[in-house]
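Hi,

Here is the structure for you to look at. Please open it first, then read my notes below.

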Amino acid sequence: MLRAGFDFTLWLVLDLVFLVTSVTALFMAAFAREDAYRAADKQTKAFWLIILGITVAVNLFVSVLFLSIAGLIASIVFFVDVRPALKQVSGGGRRGGGSSSDGPYGPYNGGR
């Protein structure tokens, strides 16, 4: 009985992690600009919205571990590969609103 409760809790936590990851990736893909996908040389925005939307639907309605893991992999690919490229071409890589001439330790003034 204790093992059954542990198994149920483990599956519930895994399902929740898969769902939160896929929903977060879907929202980030939806709010990125369409032209940023082309500029970053990635698949189109529609492609990622379809893939991540299917991932959310699978995590909500289908309880097949293989499909959930495949969706998790798609979400991870979005987070690790696509999102950083989108941020780079959109100018979202800079922190603190610095200028393009800022170096890692402050403004670069050309040796003056």
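What covers the buried residues of helix 3 includes helix 1 (2-31), helix 2 (34-39) and helix 4 (65-90). Buried means under 20% relative accessible area, and exposed means over 50% (1.4 Å probe, protein chains only). Helices (H or I, at least four residues) and strands (E, at least two) are DSSP runs, numbered from the N terminus.

This is a predicted model: local features need pLDDT of at least 70, side-chain atom pairs count only at pLDDT 80 or more, and totals for chains, interfaces and linings use all residues. Residues are numbered from 1 along each chain as its sequence is written, and side-chain values use heavy atoms, without hydrogens or water.

Now back to helix 3. Its buried residues are Lys45, Trp48, Leu52, Thr55, Val56, Val58 and Asn59. Seen down the helix axis, they fall within an arc of 165°, so they line one face of helix 3. The arc is taken from the directions from the axis to the C-beta atoms. An α-helix has 3.6 residues a turn, so residues three or four places apart point the same way. The face turned away from the buried side of helix 3 carries exposed Ile50 and Phe61.

Then the whole chain. The chain has four helices and two strands. From the N terminus, the order is α-α-α-α-β-β. Of the 112 residues in the chain, 23% are buried.

Best wishes

Notes:
Contact means heavy atoms within 4.5 Å.
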